[in-house]
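Subject: Structure for your study

Dear colleague,

Please find below the structure that I am handing over to you. My notes on what was found in it follow directly after.

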Amino acid sequence: MLVGFDHADDAGVYQIAPDLALVQTVDFFTPVVDDPYTFGQIAATNSLSDVYAMGGRPLTSLAMVCFPEKGDLAILERILAGGLSKMMEAGCTVVGGHSIRDDETKFGYSVTGLIHPQRVLANAGAVAGDRLLFTKALGTGVISTAIKKGTAKAAWIDAAVGSMTTLNKTAAEVIGGGPTWVVHAMTDVTGFGLIGHAREMALASNVGLRLFAGRVPLLEGAVECVRAGYIPGGLKANREFAECVVGYEDGISDEVKTLLFDPQTAGGLLIAVAAEGANALRQALLAAGVGAVEIGEVVAASKPLIFVTP
């Protein structure tokens with residue numbers, strides 16, 4: 001076992017040969033959008049993300065389905081088709097799965113990937129001086145809540161769906177393929193929000209983090225959703241749990257503070273990269289069509305663990 005759950009990493013890594021290890025993860029959840037095909041795509045994208053976050057390549061997957069006994073099977077067919085479309089895009093073979101009757105629909109996958117044992121990117125390993133890059137914008141949690149309330153604008157939905165159905169495949173390939181940068185740690189930002197996953201990286205690496213709030217990308221409509229009170233329960237839980245390790249400099253809006261804890265679905269990669277290669281990696285990601293923003297830096301272990309400046 002190369003990576004277990006001791007540092008709350010994204011996936012488990014188990015070595016099976018001198019030059020080969022398995023990456024294993026599982027994720028499923030209830031619908032976050034109305035369209036079943038899109039929901040299937042989002043669930044697959046989210047399930048695949050943890051393999052990419054470890055630097056791995058998805059190989060096979062097993063579908064997990066909970067569906068009402070008297071539900072419309074045409075809806076289930078569309079969910080499965082959406083998920084399959086993303087698995088095909090990832091080059092990941094769906095080898096089977098399991099379904100159960102449940103009053104509430106749930107869908108996702110168990111995914112197995114491959115990685116070289118010496119190329120694993122865990123959330124431990126960040127060192128003082130590293131720059132923090134982030135590859136997607138925040139806000140899918142509050143926008144999904146607005147969707148459930150029936151008040152989300154079309155542009156907000158389009159922005160959130162576009163983010164949640166974009167694989168981290170290209171980003172992971174760029175990160176793993178460059179000779180001019182050294183990535184020390186990586187994680188994807190999902191249910192615990194940016195602060196929650198940054199906290200895990202800081203604790204696992206025994207460092208502190210400085211985040212620049214003004215640089216953190218936000219989805220269109222995210223701020224408006226916070227102002228309207230579309231706050232998911234997960235965001236509140238994230239804030240109650242993790243805000244105790246956060247310090248804020250004056251000048252940061254309440255909306256931005258809130259969105260730092262927004263639970264993301266199929267969120268972006270948070271990358272700790274050596275300073276001398278940070279710009280080269282950012283430019284390579286941008287050239288590949290991946291949004292990449294430098295949102296902070298790694299500092300020596302400190303209190304507060306995470307300090308946020310405007």
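Strand β5 is mostly covered, with 9 of its 10 residues buried; buried means under 20% relative accessible area, exposed over 50%, and partly exposed in between, for a 1.4 Å probe and protein chains only. Helices (H or I, at least four residues) and strands (E, at least two) are DSSP runs numbered from the N terminus.

Please note that this is a predicted model, in which local features need pLDDT of at least 70 and side-chain atom pairs count only at pLDDT 80 or more, while totals for chains, interfaces and linings use all residues. Residues are numbered from 1 along each chain as its sequence is written, and side-chain values use heavy atoms, with hydrogens and water left out.

The sheet

β5 belongs to an open sheet of 5 strands with mixed pairing, in the order β1-β2-β5-β3-β4. The edges are held by β1 (12–17) and β4 (93–101); each has a single partner strand, so one side of each lacks a neighbour in the sheet. From one strand to the next, the twist averages 20 degrees. Two strands pair if DSSP finds at least two bridges between them. Strands of a sheet pair through backbone hydrogen bonds, either parallel or antiparallel.

Which strands pair with β5, and in what sense? β2 and β5 run antiparallel and are joined by 9 bridges; here D27 has Y109 in β5 as its bridge partner. β3 also pairs with β5 in the antiparallel sense, over 9 bridges, and C66 stands opposite K106 of β5. By contrast, β3 (residues 57–67) and β4 are parallel, with 8 bridges, and L62 has G96 in β4 as its bridge partner.

Two helices pack on this sheet. Helix α1 touches β2 (20–29), β3 and β5 (106–115), and its direction makes about 30 degrees with that of β5. Helix α2 (residues 73–90) touches β3, β4 and β5, at about 20 degrees to the direction of β5. Contact means heavy atoms within 4.5 Å; axes are lines fitted to C-alpha atoms, for helices over the stretch in contact, and angles run from 0 to 180 degrees between N-to-C directions.

Aromatic rings

Rings of Phe, Tyr and Trp (its six-membered ring) pair if their centres lie within 6.5 Å; planes under 30 degrees apart count as stacked, over 60 as edge-to-face and the rest as tilted. By this rule there are 3 aromatic pairs. F107 and Y109 form an edge-to-face pair, 5.1 Å centre to centre with 70 degrees between the planes. F107 counts as buried because its relative accessible area is 0%, and Y109 is buried at 2%. Ring pairs link F29, F39, F107 and Y109 into a cluster.

S49 lies in helix α1 and counts as buried because its relative accessibility is 1%. Beyond its neighbours within four places in sequence, S49 is in contact with N168, D188 and G267.

In helix α5 (residues 169–177), which residues are buried? They are A171, A172, V174 and I175. These residues lie on the same side of α5 because they cover an arc of only 165 degrees around the axis, the arc being that of the directions from the helix axis to the C-beta atoms. The face turned away from the buried side of α5 carries the exposed residues G176 and G177. The cover over the buried residues of α5 includes α1 (36–53), β7 (183–188), β10 (269–273) and α10 (275–287).

Yours sincerely
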